[in-house]
Amino acid sequence: MKWINNLTIRRKLLAVLMSICLVVLLLSGGAMIAWNQYAFRQNMIKDIVMQTQIAADNCKAAVAFEDTQIAAGLLESFQARPSVLYVVIQTPARPEFARYVRKNTRPAIHDHSAVEGWSFVGDELVVRKNIVLDGEVIGRLMLCSDLQPLKANLRRNIMIVIGVIGFGLVIGYVLSSWLQRLISQPILALTNIARDVTYRKDYSVRAVKYYNDEVGVLIDTFNQMLGQIQKEMTDRMQAEAELRKHRDHLEEMINDRTRELKLSNQRLKMSVERANLMAKQATQANRAKSEFLANMSHEIRTPMNAILGFGELLREEPLSDDQANYVETILSSGRNLLQIINDILDFSKIEAGKLSTEQIDFSLIPMLEELESLFRPMCSQKNLDFDVIYGSELPDMMRTDPVRLRQCLVNLVNNAIKFTEQGHVYLHVTLETINQTSYVRFDVEDTGIGIPKDKQLLVFEAFTQADGSHTRKYGGTGLGLTITRQLVELLGGRISLYSEPGRGTVFTIQLPLGTEAQRHTAPSPHGSLDTVPSEGNQALIPLKGNILVAEDARANQTLIRIMLQKMGLEVTIVEDGQKAVEEMGHGRYDLILMDMQMPVMNGYDATRQIKAMGIQTPVIALTAHAMKGDEEKCRQAGCDGYLTKPIDRAKLESVLRTYLCPVSSPGTT
Amino acid sequence: MIRIDNAKKNNSNADVVPVVRQRIQLYALTFFLSAGSLLPSLLADADNDKNLTTAYQLKAAFLYNFMKFVEWPDNSSRSDNSGQPPKPFVLCVLGEDSLKAPLNSLADKTIKDRPVKVLFIDSFETVKKKNREATVEDYLDQLQKTIVSCHLLFVGAAEKERLAEILKLSEKKPILTVSDISNFASLGGVIEFVTENNKMRFDINLISAEAKALKISSQLLQLAHKVYKKETARPTP
């Protein structure tokens, strides 16, 4: 039945009407036939029963008087009824008293003894009637009729009904074709309009309304819809026109922008190239700067070595008071200069991220005592009171980088002394515990000029002092506090300050203790070559031995020779590494002092060759490279010890004593 | 006897049983039980005495049957609502003793719900034998009085000589006259037995019947060998 869904409305309506028509006709025709057939049958039965009855009555006398001829004659009258197959009269004495049989037929005679009345036997109607004479049954008449009239009637009826149905369908078709227009016409018209609207985009047409039924409402609604669409289309066209205008404008804008973008892109490319070039240049410059600083370090330290060295030698000569004063001035200025240079080097290393720290256990008290002995003379010169105040629970040992810690404390105390005219400078050292972590707290307190609140944060910045005028008045690079802060942070601590202008300042460093509090643990001699040994056994045992010195700088050759000779040692000096190796080949020496930077052959190669020759003589490296990696580099080359330039006489003597007097120095191999 | 009982039963039951179907069944029952009915019983010993007994029995049956197809003008045949028993049909047999036995065997039968009374009248010969002094006139007078109550009068062959007088006595009276005397019908009798091809038949004189105000059923007329009619006065087959 799906095909019916795709039919046009016209055909659907036609189909509906025609099927209704057909059903009605079939039903009415069927009912008519059924009723007619029933009525006909009843009539036929009635008729035949009546005929039988009449015949039975008519032959009463014949039966009564047993006149079979007359009876047969009477029955002959059934010839007029061709549907009668046979008629039989029976009497008690004679089963076939008389009979009539239709011509040319030999019907089977039915059982005559059945109940009186009529019955259908197959295609035949059998009627049985008693022949009653004066209340007495004297015989029976049996009539058998075929159903030809009934069948003929049925055929006739069917033909009529078929004819009527055919005619009815024709009339129905004509009527439905005419009537379906009432519905389909407006819909088809509406469809055509809709198609027109779709194809021609003409929203101004309107459908014609035929009637006021649902389709009429549909058409009205459709027309309203068209009106709305027309209005919206107009609006849209306007909007599109505007949009097109905008789009054209936009294209121009885009073109402009693209052009600009291209231009800036080119500019950017050029900038990037320039930047790359500059970065390359900057890298080169930075490398040049580092090399320059390294060279500066070496080149400045070498003459400083000589100046300070000879200054110290000179101070020990018998001099007049004035001369002694001059020598002291030369020495302190030299040390200041060296300090400034060291500060600048440290700062540049920190900035470059090249400064590395170490973590070793060391004894805190000796260092503090050394600081006290260092600063007490300086303070007394300015009439300042200086004291180190120890906290009650201060541990002997702590783990940090002692060199850097000392540097920080020296910086802070120097700073305090520098800015304090009268009063005191105190160093408080206490142990405090914050969040179950132990810290050693260093407070450097002074009664100096103080720092205004708004400058307090700035003092840790590089090249900054609280007041620009201070530089002129107090001198200094302004790097001290910056380096201190960065060192403290490198060591895992923090620095802060509290200050009231005109009353004084307190700088505070908090460093993690880093180890359990321990007592009586001696520092490892190898772990802290730079550590100043105790001065107790310094002059007790005179030194003895034959020392080979490899040093290219003439001033240093002289300085070292004098220092060593004063200690009672024999000295041989060569200019480069090559000569040192040759000298070791045929001389006996107890110790070698090896400068690392020499012409012809440097100290590293020379040390390596000497050690390769199987000579066990200790080699002490001398280097102006104050960088951290240097010591490691020296040890890798085979050096047994390490000293930095400028050579501190006390340090030199301490190292020499370690290697030349194995009995008195434990831990030496 | 059995037949009569059944017939009575039938009649009484017919009023009681209201259902048609049952009535039809009863009809059928009747039909079969009456298989040994009138004619066969009459014809039963036909093989033994073909000429005599069978012929008389047949005649007796015919007489009965004639009465069923003839209507008398007294019209009292139908039982009225008076509650009185209906008047009997009177069947008179004049001078034919051979019919006594077969008719007596039918004595209990009814015709149109009326009982049948058979009246045997002595022939003049018999009367004369008993009483020598009896005259024909007296006899006829007596006969005239007697036959007034008769519905049917069978005239035996013995009265052939006085046939004219007897016919005259019954003329224009509602008495169905029957006889096997030849030319009986043409002489004014109503029904005359004739034998044709060894088969018993009858002629009917319709004119005299109409004169007696007797209505003879057309069916009976159909069966008649000859019918004498008014217009032609000639017998029609």
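Is Asn183(B) buried, partly exposed or exposed, and what is its relative accessible area? Asn183(B) is partly exposed, with a relative accessible area of 48%. The model described here is predicted. The points below cover two asparagines with positive phi, a disulfide, two buried cysteines, a parallel sheet in chain A and the cavities.

**Asparagines with positive phi**

- Asn183(B) has a phi near 60°, a positive value in a residue other than glycine.
- Asn183(B) sits in a loop of chain B, between β6 (176-179) and α9 (184-187).
- In chain A, the loop between α7 (364-381) and β7 (385-390) holds Asn383(A).
- Asn383(A) is exposed, because its relative accessible area is 67% and the exposed class begins over 50%.

**The disulfide and other cysteines**

- Over all chains, a search of the whole structure finds one disulfide.
- The disulfide is formed by Cys92(B) and Cys150(B), whose sulfur atoms are 1.6 Å apart.
- Cys92(B) belongs to strand β2 (residues 89-94) of chain B, while Cys150(B) is in the loop between α7 (136-147) and β5 (152-155) of chain B, so the pair ties together parts that are 58 residues apart in sequence.
- The disulfide is left-handed because the torsion about the S-S bond of Cys92(B) and Cys150(B) is about -90°.
- Both Cys92(B) and Cys150(B) are buried.
- In chain A, Cys144(A) is buried, with a relative accessible area of 0%.
- Cys408(A) is buried as well, with a relative accessible area of 1%.

**A parallel sheet in chain A**

- Five strands of chain A form an open sheet with parallel pairing, in the order β14-β13-β15-β16-β17.
- At the edges are β14 (570-574) and β17 (641-644) of chain A, each of which pairs on one side only.
- On average, neighbouring strands of this sheet are turned by 20° against each other, direction ignored.
- Strands of a sheet pair through backbone hydrogen bonds, and the pairing may be parallel or antiparallel.
- Strand β13 (residues 546-550) of chain A runs parallel to β14(A), and five bridges join the two.
- Across this pairing, Asn546(A) stands opposite Glu570(A) in β14(A), and Val549(A) stands opposite Ile573(A) in β14(A).
- Five of the five residues of β13(A) are buried, so this strand is largely enclosed by the rest of the structure.
- Side chains in a regular strand alternate between the two faces of the sheet.
- Both faces of β13(A) are covered, with buried Asn546(A), Leu548(A) and Ala550(A) on one side and buried Ile547(A) and Val549(A) on the other.
- Helix α11 (residues 554-566) of chain A lies across β13, β14, β15 (591-595) and β16 (619-623) of chain A.
- The angle between helix α11 of chain A and β14(A) is about 165°.

**Cavities**

- Rolling a probe the size of a water molecule over the atoms shows where empty space is left.
- The count comes to two cavities of 30 Å³ or more.
- The second largest cavity has a volume of about 60 Å³.
- Residues from chains A and B line the second largest cavity: Phe65(A), Asp67(A), Phe62(B), Lys199(B), Met200(B), Arg201(B), Phe202(B) and Leu223(B).
- Strand β8 (residues 199-205) of chain B gives the largest share of this lining, four residues.

Notes
Residues numbered from 1 in each chain as written. Chains lettered and ligands numbered in written order. Predicted model: local features only at pLDDT ≥ 70, side-chain atom pairs only at ≥ 80, totals over all residues. Heavy atoms only, no water. Disulfide = S-S within 2.5 Å. Buried < 20%, exposed > 50% of the residue type's maximum accessible area, 1.4 Å probe, protein only. Pairing = 2+ DSSP bridges. Axes fitted to C-alpha atoms, helices over the stretch in contact; angles between N-to-C directions. Contact = heavy atoms within 4.5 Å. 1 Å grid on protein atoms, 1.4 Å probe; cavity = no way out; pocket = protein on both sides within 12 Å on 5 of 7 lines; lining within 4 Å. Points joined across faces, edges and corners; volume = space filled by probe spheres on them.
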